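Have the sequence and the 3D view open while you read.

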Amino acid sequence: LIIEGEHRDVVFCCWFSYDGKYILTSSCDRTTRLWNATNGTLIKTLRYEYWVLNCAFSCDDQLIVTACDDKTVRIWDTESGQLKRTRAGHSDYVLDSCFSSDGNRVVSASSDET
């Protein structure tokens, strides 16, 4: 499957949902996009004011976590696309983030050396 034509700039991350139905991509075009993994059609676009450096699903695929260059981690509802939480605390870009296996915690890594 090749997905082309929607992102307008560098794609930093891609991630399969745990059930294999979806693909997430994040980009410096300031979006995270949710795709159908079978046919590559775009399902949903999450928009930002900043680059999105990383994205991941929770293990039950109900939530999406994103790492942004505005020093935040954001948690989204997969089905609705609604922002549920924004976490700040880093002093530089957040480069990576993911959920714990039970989905109750999120860990992040930043260029601030934390």
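Which residue of β4 stands opposite Leu34? It is Lys44. Keep that pair in view as a starting point for the tour. One caution comes first: this is a predicted model.

**The chain as a whole**

The chain has ten strands and zero helices. Read from the N terminus, the order of elements is β-β-β-β-β-β-β-β-β-β. The radius of gyration is 13 Å, close to the 13 Å that the globule rule gives for 114 residues, so the chain is as compact as a globular protein of that length. Along the principal axes, the C-alpha trace spans about 40 × 30 × 20 Å. Of the 114 residues, 44% are buried.

**The sheet of β1 to β4**

Strands of a sheet pair through backbone hydrogen bonds, either parallel or antiparallel. Here, four strands form an open sheet in the order β1-β2-β3-β4, and the pairing is antiparallel. Two strands, β1 and β4 (42-47), stand at the edges. Each has a single partner strand, so one side of each is left without a neighbour in the sheet. From one strand to the next, the twist averages 15 degrees.

Now look at β2 and β3. Strand β2 covers residues 22-27 and strand β3 covers residues 31-36. Five bridges join them, and they run antiparallel. Ile23 stands opposite Trp35 in β3. Leu24 has Leu34 of β3 as its bridge partner. The two strands form a hairpin with three residues between them. In that hairpin, Arg30 takes a positive phi near 75 degrees.

On to β3 and β4. These strands also pair in the antiparallel sense, over five bridges. Trp35 has Leu42 of β4 as its bridge partner.

How many of the six residues of β3 are buried? The count is five, so β3 is largely enclosed by the rest of the structure.

**The sheet of β5 to β8**

A further open sheet has four strands in the order β5-β6-β7-β8. The pairing is antiparallel. Its edge strands are β5 (52-57) and β8 (83-88), and each pairs on one side only. The twist averages 20 degrees from one strand to the next. Five bridges join β5 to β6, which covers residues 63-68, and the two run antiparallel. Within this pairing, Phe57 has Ile64 of β6 as its bridge partner.

**Salt bridges**

The salt bridge count comes to two.

| Asp29 | Arg33 | 3.6 Å |

Asp29 has a relative accessible area of 16%, so Asp29 is buried. Arg33 is at 6% relative accessibility and therefore counts as buried.

The Asp70 and Arg74 pair can be read the same way. Asp70 is at 17% relative accessibility, so Asp70 counts as buried. Arg74 is buried because its relative accessible area is 10%. The cut-off behind these calls is under 20% relative accessible area.

Which residues make the nonpolar surface patch? They are Val10, Phe12 and Trp51, and the patch has an area of about 270 Å². Phe12 lies in strand β1, which covers residues 11-16. Phe12 has a relative accessible area of 37%, so Phe12 is partly exposed. β1 is also one of the edge strands of its sheet.

Terms used
Residues are numbered from 1 along each chain as its sequence is written. This is a predicted model: local features need pLDDT of at least 70, side-chain atom pairs count only at pLDDT 80 or more; totals for chains, interfaces and linings use all residues. Side-chain values use heavy atoms; hydrogens and water are left out. Patches are made of residues with over 30% relative accessible area and no salt bridge: like charges are joined within 9 Å, nonpolar side chains (Val, Leu, Ile, Met, Phe, Trp, Tyr) within 5 Å. Accessible areas come from the Shrake-Rupley method with a 1.4 Å probe; for residues, only the protein chains shown count as cover. A salt bridge is a side-chain nitrogen of Lys or Arg within 4 Å of a carboxyl oxygen of Asp or Glu. Buried means under 20% relative accessible area, exposed over 50%, partly exposed in between (1.4 Å probe, protein chains only). Two strands pair if DSSP finds at least two bridges between them. Axes are lines fitted to C-alpha atoms, for helices over the stretch in contact, and angles run from 0 to 180 degrees between N-to-C directions. The radius of gyration is taken over C-alpha atoms; the globule rule is 2.2 Å times the number of residues to the power 0.38.
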